[in-house]
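Dear colleague,

I am handing over the structure below, together with some notes on what was found in it. Please read the notes with the structure open beside them.

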Amino acid sequence: MAVHDDSNGQKKKSSDALDEIPTFNVENMQNNTRIINYSRTFMSIIGGVIAGILGYTALTGFIFYFVIMAITTVGLAAKTGFAVHSFFDSWNQIVFDGILGGLLSFVLFWTFAYDMVHIF
Amino acid sequence: MGLGYAVGVVGFLILAHAAYSTIQYRSLLKITEEEFTGPPITVVVELIAGLFFCLWAALTVPGKFLSILPQSDENRVVALPSNLDFMIFNHRGKVFPMGIDMKQM
């Protein structure tokens with residue numbers, strides 16, 4: 001009975017005019033999330049290579065990874081022009097998304113680069 | 001976007017050159033039998049430069065952020081879909097009391 005969706009090309013989340021649930025353009029939100037994941041994965045790989053070249057071992061390397069992720073977060077926030085709310089749902093997405101997934105890529109390339117430079 | 005790719009490739013080449021320099025530095029240390037405490041300062045500068053190039057490429061190559069707010073300029077609905085049977089409109093008529101007797105349907 002109560003209709004919810006606009007059936008236009010950009011599927012919006014439902015909004016009830018009496019309730020003020022904010023609507024978002026879901027397609028663009030997915031696009032933005034995808035961009036964050038690509039950027040973080042690439043920076044994890046680059047961070048791994050740098051950590052291997054510098055010869056970091058154990059804890060220092062993991063701390064270096066979080067430093068790289070912090071730099072990437074600042075870079076992503078700058079890419080939005082610091083107006084985060086017009087591109088994302090909340091700050092959590094831009095700060096925390098993709099960090100644990102990137103950790104595995106980081107360790108892979110870190111051990112790879114370390115082997116290439118210091119052992120082989 | 002081609003520029004972003006080029007910057008990324010340049011950053012990667014800088015990192016590869018830094019890796020090669022570090023390998024040569026280590027073989028030099030093996031000859032003089034010293035410990036490896038850290039790469040030489042030129043390599044560290046090279047790594048920082050490579051990091052910045054790759055950071056710039058990582059931020060520009062995947063594409064621009066698109067606004068998710070419905071009231072921003074590029075999100076305006078300017079066309080209606082062509083299958084007229086399934087269009088639904090969210091209008092203020094729903095606050096009117098229903099005049100149709102549902103049992104007859």
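Two residues are taken to be in contact when they have heavy atoms within 4.5 Å of each other. Please keep in mind throughout that this is a predicted model.

A:F106 counts as buried, because its relative accessibility is 0% and the cut-off for buried is under 20%.

Two packed helices are described by the angle between their axes and the distance between the axes. For helix α1 (residues 26-54) of chain A and helix α4 (residues 99-119) of chain A, the axes come within 7 Å and cross at roughly 30°, and α1(A) is therefore roughly parallel to α4(A), since angles under 35 degrees are counted that way. The crossing of these two helices, α1(A) and α4(A), is right-handed. On the α1(A) side the contact is made by A:R40, A:T41, A:S44, A:I45, A:G47, A:G48, A:V49, A:A51, A:G52, A:I53 and A:L54, and on the α4(A) side by A:I99, A:G102, A:S105, A:F106, A:F109, A:W110, A:A113, A:Y114, A:V117 and A:H118. By class, the residues of this contact between α1(A) and α4(A) comprise 12 nonpolar, eight polar and one charged.

Helix α1 of chain A also holds A:N32, which is buried, with a relative accessible area of 0%. Apart from neighbours within four places in sequence, A:N32 is in contact with A:F87 and A:F88 in chain A, and with B:F65, B:L66 and B:I68 in chain B.

A helix pair also brings the two chains together. Helix α2 (residues 58-79) of chain A packs against helix α2 (residues 41-60) of chain B at an angle of about 45°, with the axes 10 Å apart, and α2(A) is therefore oblique to α2(B). The crossing of α2(A) and α2(B) is right-handed. Here α2(A) contributes A:I68, A:I71, A:T72, A:G75, A:L76 and A:K79, while α2(B) contributes B:L51, B:L55, B:L59 and B:T60. The residues of the contact of α2(A) with α2(B) divide into six nonpolar, three polar and one charged.

One backbone detail in α2(A) deserves a look. Most residues other than glycine have a negative phi. A:A58, which lies in helix α2 of chain A, has a positive phi of about 50° although it is not a glycine. This residue, A:A58, counts as exposed, because its relative accessibility is 54% and the cut-off for exposed is over 50%.

Finally, some totals for chain B. Its secondary structure comes to two helices and zero strands, and buried residues make up 29% of its 105 residues. Among the contacts in chain B with a separation of 6 or more, 61% are between residues 24 or more positions apart. The accessible surface of chain B comes to about 7900 Å², of which 66% belongs to carbon and sulfur atoms.

How values were computed:
Residues are numbered from 1 along each chain as its sequence is written. Chains are lettered from A and ligands numbered from 1 in the order in which they are written. This is a predicted model: local features need pLDDT of at least 70, side-chain atom pairs count only at pLDDT 80 or more; totals for chains, interfaces and linings use all residues. Side-chain values use heavy atoms; hydrogens and water are left out. Axes are lines fitted to C-alpha atoms, for helices over the stretch in contact, and angles run from 0 to 180 degrees between N-to-C directions. Helices (H or I, at least four residues) and strands (E, at least two) are DSSP runs, numbered from the N terminus. Angles under 35 degrees count as roughly parallel, over 145 as roughly antiparallel, 65 to 115 as roughly perpendicular and the rest as oblique. A crossing is left-handed if the near helix is turned anticlockwise from the far one by less than a right angle, and right-handed if clockwise. Ala, Val, Leu, Ile, Met, Phe, Trp, Tyr, Cys and Pro count as nonpolar, Asp, Glu, Lys and Arg as charged, and the others, Gly among them, as polar. Buried means under 20% relative accessible area, exposed over 50%, partly exposed in between (1.4 Å probe, protein chains only). Accessible areas come from the Shrake-Rupley method with a 1.4 Å probe; for residues, only the protein chains shown count as cover.
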